[in-house]
Amino acid sequence: MSAAITRFSDWSVVSEPALPDAVRTLLIQTVEDAHLTVCELRRRGLEVTFERVETPRELNEALARSDWDVVIADYTLPRLLGSDALEIVRRSSPDLPFVFVAEDSIQDKAIAGMLSGAQDCVAKETLTRLAAVVRREVREARVRQEGIRARRKLQYLAYHDPITDLPNYAYFRDRLEQAILNARRRVCRGALLVFKVNEFREINESFGHEIADRVLAHVGRCLKETVPDGCELACLRANEFAILIPVLASEEQAIRLVLSAAESLHKPLVVGDVALEAQSRFGVVYFPDHGSSAEILTQNARKAQYQARKTCSLYSVYLPHGAQNRISDLALVSDLRRAIADDRLYLLYQPKMDLRTGATVGVEALARWNHPVLGTIPPARFIPLAERTGLITPLTLWSLEQALRQGREWADQGFPLRVAVNLSMQNSSVADLWERLFDRLAAARLGTHQLQLEITESVVMINPAATLSNMKRLKELGASFAIDDFGIGYSSLAYLKRLPIDEIKIDKSFVVHAATEAEDGAIVKLIVQMGHELGLKIVAEGIEDAETLDFLARLGCDMAQGYYIGRPLPGPELGAWLAARRKQGTS
Ligand code: C2E
Ligand code: CA
Ligand code: CA
């Protein structure tokens, strides 16, 4: 805020503006009269530069050519009437001081002229007044101009954030309301992203306000370079930014913008010998679905942003059944505990296809929760909750048991599929989970060789040495391992090779556009090549169309999973799906 006050004083109105060094004077007079005028002004200590005109054309040209401080006109020139000269000047420069010089005998007419728009009329007989009149009028014109500038600046400040120089909420709200109205009329959708700089308070406390303001200004600049034409960028309040996409082609467009905005913030701000890098979490809402007014939409975007922060995600999309967001985590945790015990969770299974033979070689088990009041709750909501509260252990054991049982059932029906279970361990009692996994698998006896465990790089990194020995023990029991979401973590393939891994699953964010975006395609190709060199099988997840499927098959990728091949289905339905494919000879 301090910056705003300093800047305000720079332009605020000064009561007595100074005269210019030389008053630029346009004279509409005969040569003799002009000479008299200039001598008189200079005699009174007024420095002037001047030009003289006598016809309407010359007057127009002089006005177009130069910036004048004052016009002095004779009322009765043979080729240009005083009233006509006044009209011409007013048309081009409404605010330029205009002073008549008139014979005493025609002062009445001249006074009428003054009333119709000239600033003053000086009689030739009292020309000694002229310098004082010019001084006064030039000063007053300057005051008027300063006033206009100040009003403009005030208006600018009313609609802009002074630190980032971005439009503020007052301005943005208008644009947002307009976009909502438009979306409703044209039956299209738009998106609003809201985000903050993470740990801004810490930056403020450690480095002081001035540096914190510089960080915000830097963020504003980075964003301006990233946000495409047609989108609106704003700073809603200190450390809260928003991007409006008034017309959205697809939800994916909004997520891509999240990614590029997040990327742009990585550009560090160097302060002395410290490089500060801003990071953000984004709340995403779509309109008109998530709110019918700017206020509601902004609130919902903030809720989504809060959700992203809670789940340590880069972004979170607002859940339209707001109750899911509003219900307290505490209540949800106790509901989840009961749901695991009462079997209110269930698993869906998504097929994995061998890209060479087209056969279904495995499935991934994905948990769902059917809440008695809130309806289906997606895993993105309850898995992080389970991870934070230790419920991930009973949840994983429950998934494991269900998946093994289902796997045995399919095997009995003639479909010996490998069943993959997700193993997430963040923030939970990891050692306990591994131990109980051994117990459960040792007791299961049957089906362990059919089991695959999907773990992410971050799980491996929690305690690499312990993870390695635990993985080896599970492998001895017959289980295999896949590295999930590969590419978005930090570990190298070479490092992962030291672990007993069989497969890597390329994260769907690279796969979805692999066939159309050169950069994504190149990353996927590289992972496939390097993975093969290390003797690993490669699975691409997130295959949504035939083009991507073909592209990956051509790259030599081993397996594929995605909506195009098959959506996650309940166990019995997946059995029927497999039977139907076998009948058609595709599996
Ligand atoms: P994940 O392990 O990466 O699972 C793949 C996710 O991608 C699933 O979302 C799946 O429905 C989705 N998906 C499949 N094909 C496509 C596609 O073609 N395009 C797109 N855009 N998405 C596709 P889902 O079921 O919502 O699961 C989300 C995440 O929740 C999973 O990500 C996994 O990390 C976690 N999760 C799910 N079930 C369990 C579980 O039983 N235990 C644990 N620990 N985590 C689970
Ligand atoms: Ca997975
Ligand atoms: Ca995955």
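These questions and answers walk through metal sites, salt bridges and surface patches in a predicted model.

Local features here need pLDDT of at least 70, side-chain atom pairs count only at pLDDT 80 or more, and totals for chains, interfaces and linings use all residues. Residues are numbered from 1 along each chain as its sequence is written, chains are lettered from A and ligands numbered from 1 in the order in which they are written, and side-chain values use heavy atoms, with hydrogens and water left out.

Me: Which residues coordinate the calcium ion (ligand 2)?
Reply: Donors are N, O and S atoms within 2.8 Å of the metal (3.2 Å for Na, K and Ca); water is not among the atoms, so sites may look incomplete. Here the distances run from 2.2 to 2.3 Å. The donor residues are Glu 364 (OE), Asn 422 (OD1), Glu 454 (OE) and Asp 484 (OD).

Me: Is Glu 364 buried or exposed?
Reply: Buried means under 20% relative accessible area, exposed over 50%, and partly exposed in between (1.4 Å probe, protein chains only). Asn 422, at 27%, is partly exposed. Glu 364 has 4% relative accessibility, so Glu 364 counts as buried.

Me: Which residue bridges the calcium ion (ligand 2) and the calcium ion (ligand 3)?
Reply: The two ions lie 3.9 Å apart. The calcium ion (ligand 3) is coordinated at 2.0 to 3.0 Å by Asp 484 (OD), Asp 485 (OD), Glu 541 (OE) and Glu 541 (OE). The residue that coordinates both ions is Asp 484.

Me: Which strand holds Glu 541?
Reply: Along the chain, the donors of the calcium ion (ligand 3) follow the spacing D-D-x55-E. Asp 484 lies in strand β20 (residues 480–486), so its pairing with Glu 541 ties together parts 57 residues apart in sequence. Asp 484 is buried at 7% relative accessible area, and Glu 541 is buried at 8%. Glu 541 lies in strand β22 (residues 537–541).

Me: How many salt bridges does the structure hold?
Reply: Side chains of opposite charge can pair when their charged atoms come close. A salt bridge is a side-chain nitrogen of Lys or Arg within 4 Å of a carboxyl oxygen of Asp or Glu. One network of them links Lys 352, Glu 364, Arg 418, Glu 454, Glu 503, Lys 505 and Glu 541. The total number of salt bridges is 34.

Me: Which helix holds both Arg 91 and Glu 87?
Reply: Their side chains meet in a salt bridge (3.7 Å, N to O). Arg 91 is exposed at 62%, while Glu 87 is partly exposed at 49%. The two are four residues apart, about one turn, in helix α4 (residues 82–92).

Me: Which helix holds Asp 335 and Arg 338?
Reply: Asp 335 and Arg 338 form a salt bridge at 3.9 Å, N to O. Asp 335 is buried at 18%, whereas Arg 338 is partly exposed at 49%. They sit three residues apart, about one turn, in helix α13 (residues 329–341).

Me: How many residues apart are Arg 473 and Glu 435?
Reply: Their salt bridge has its closest N and O atoms 3.4 Å apart. It links distant parts of the chain, with Arg 473 in helix α18 (residues 464–476) and Glu 435 in helix α16 (residues 430–444). The separation is 38 residues.

Me: Which residues make the nonpolar surface patch of about 230 Å²?
Reply: Patches are made of residues with over 30% relative accessible area and no salt bridge; like charges are joined within 9 Å, nonpolar side chains (Val, Leu, Ile, Met, Phe, Trp, Tyr) within 5 Å. Areas come from the Shrake-Rupley method with a 1.4 Å probe; for residues, only the protein chains shown count as cover. One member lies in helix α10 (residues 251–265), namely Leu 259. The patch is made by Leu 259, Leu 314 and Tyr 315.
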